[in-house]
Amino acid sequence: MSENHSESRSPHEYEWQIIEKVRETHDTYTYSLKPNSASERFNFGIGQFVTLSALLKRPTASGDFEESVANRAYSIASSPTRDYIELTIKEEKPYGYINPVTKKSDAFAAYFNQQVKIGDKIKLKLNPSKEHFLSKVDAGIEKNIAYWSGANGAQSARCLIQFMEDKKDSGQDLVLFYSNTKLSIESDNSQINNTEHHPVESLNVIYYNWLLDVVKKLENLKVVFTFTREQEIPTASGDSRIIFRKGRFFLNSDGSPERTLTKYGNNIETSFNPVCGSSAFINGTVRLPDGKLSKGKGILQNLIEIEGIRPEKTDKEQFYLQQVGAN
Ligand SMILES: Cc1cc2nc3c(=O)[nH]c(=O)nc-3n(C[C@H](O)[C@H](O)[C@H](O)COP(=O)(O)OP(=O)(O)OC[C@H]3O[C@@H](n4cnc5c(N)ncnc54)[C@H](O)[C@@H]3O)c2cc1C
């Protein structure tokens with residue numbers, strides 16, 4: 001998360017209703033919400049997030065279920081130019097996971113996705129900080145964007161892409177660098193063909209089908225997919241604005257450093273590089289089983305050390321601290 005998210009004023013709690021629930025992948029849903037009444041509507045900028053509160057039934061170690069209110073932060077995944085908001089919620093902790101200390105489930109997403117349905121009313125607070133990781137993009141100060149997303153991190157890029165669709169500003173450029181372990185949870189990926197949409201039940205990449213379509217409509221959008229655990233990757237379709245590569249960003253297949261931004265980006269001297277995802281993706285930080293933090297290198301360090309990007313041309317939004325052995 002950006003450093004400046006604190007604000008003394010407690011944000012107002014709104015009530016919005018779920019009007020659509022769409023399955024994105026095997027473990028992720030996108031919800032469309034509309035305000036319960038005109039007074040519940042609020043303005044927001046590209047890159048802002050809301051905190052959801054939901055009453056969820058979750059298991060305890062004894063096998064019972066307990067109902068309690070739980071909260072989590074979610075980046076707004078739809079453009080401020082639209083009438084509704086969309087939130088994409090990915091399950092990180094597995095259903096049934098019991099916290100060994102509290103002896104209860106402390107997950108949110110798996111239960112939200114299971115229990116929340118169309119028509120339900122949800123309480124949400126807009127994070128009021130004006131200094132979030134895309135605030136310069138929202139203000140129109142940065143227009144040449146290289147957005148780096150981990151497997152869970154492309155929500156604000158979707159917000160920006162929808163905004164680009166609506167505003168048709170030819171001066172705005174986006175290259176989405178999108179890292180996932182694999183395209184599908186099925187083991188046999190020999191049939192992968194990027195010209196075909198992938199069935200969502202087994203899909204592992206959030207917005208995959210949508211991105212293939214939207215790239216065709218927006219000349220100033222390019223998507224560079226990388227797959228870190230895939231033997232087979234989709235074949236190039238001939239569309240130069242959809243690129244598939246294997247392995248980690250900034251690493252060639254022979255283990256030497258790759259200047260990934262220089263290779264696939266636009267005019268890197270002016271590019272602004274927001275990075276969004278887990279701590280491991282952003283800066284190589286993970287929590288070890290003994291509770292200690294291990295600090296490594298992630299996209300931010302690679303941008304600075306390999307590409308020579310100035311730190312002020314980067315920013316970050318951390319979704320969660322990666323636990324070693326958890327995923
Ligand atoms: C500003 C901000 C914006 C965010 N926006 C989004 C968004 O748009 N969409 C989204 O999906 N998420 C977003 N998140 C993250 C979100 O709040 C939740 O953390 C996420 O949905 C996962 O929820 P969960 O209930 O599955 O896991 P949580 O209870 O939130 O826990 C996540 C933690 O679980 C750990 N974990 C993973 N697997 C295991 C395992 N097997 N055993 C134990 N621990 C495990 C992970 O390492 C991580 O530290 C955002 C977070 C922040 C701070």
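A residue counts as buried here if 20 or more other C-beta atoms lie within 10 Å of its own, and as exposed if 12 or fewer do. The model is a predicted one, and this definition gives a way into it. Strand E2, which spans residues 28–35, has 6 of its 8 residues buried, so the strand is largely enclosed by the rest of the structure.

The surroundings of E2 can be followed through its partner strands. On one hand, E2 is joined by 8 bridges to strand E1 (residues 13–25), and the two run antiparallel. E1 and E2 form a hairpin, with 2 residues between them. Within this pairing, Thr25 stands opposite Thr28 of E2, and Ile18 stands opposite Leu33 of E2. On the other hand, E2 is joined by 6 bridges to strand E5 (residues 85–90), again in an antiparallel arrangement. Here Thr28 stands opposite Lys90 of E5.

These pairings belong to a wider assembly. An open sheet is formed by 6 strands in the order E4-E3-E6-E1-E2-E5, with antiparallel pairing. Strand E4 (65–75) and strand E5 stand at the edges of the sheet and have a single partner strand each, so one side of each is left without a neighbour in the sheet. On average, neighbouring strands of this sheet are turned by 40° against each other, direction ignored. In general, strands of a sheet pair through backbone hydrogen bonds, either parallel or antiparallel.

The nonpolar interior is a further topic. In soluble globular proteins, nonpolar side chains tend to be buried together. The largest nonpolar core of this model has 68 residues, of which Leu160, Leu174, Leu176 and Phe177 touch the most other members. Helix H3 (residues 155–167) gives the most to this core, contributing 6 residues. Because domain 1 (13–126) and domain 2 (135–323) both give residues to the core, it lies between them. Leu160 illustrates the contacts: leaving aside residues up to four places away in sequence, Leu160 touches Ile46, Val137 and Leu174.

An α-helix has 3.6 residues a turn, so residues three or four places apart point the same way.

Two loop residues complete the account. Lys103 lies in the loop between E5 and helix H1 (109–115). The phi angle of Lys103 is near 60°, a positive value in a residue other than glycine. Lys103 has 10 C-beta neighbours inside 10 Å and therefore counts as exposed. Asn267 is found in the loop between helix H5 (260–264) and strand E11 (273–278). Its phi is near 40°, likewise a positive value in a residue other than glycine. With 9 C-beta neighbours inside 10 Å, Asn267 also counts as exposed.

Methods: Residues numbered from 1 in each chain as written. Predicted model: local features only at pLDDT ≥ 70, side-chain atom pairs only at ≥ 80, totals over all residues. Helix = DSSP H or I, 4+ residues; strand = E, 2+ residues; numbered from the N terminus. Pairing = 2+ DSSP bridges. Core = buried A, V, L, I, M, F, W, Y, C linked by C-beta atoms within 7 Å. Domains from an automatic or database assignment. Contact = placed C-beta atoms within 7 Å. Axes fitted to C-alpha atoms, helices over the stretch in contact; angles between N-to-C directions.
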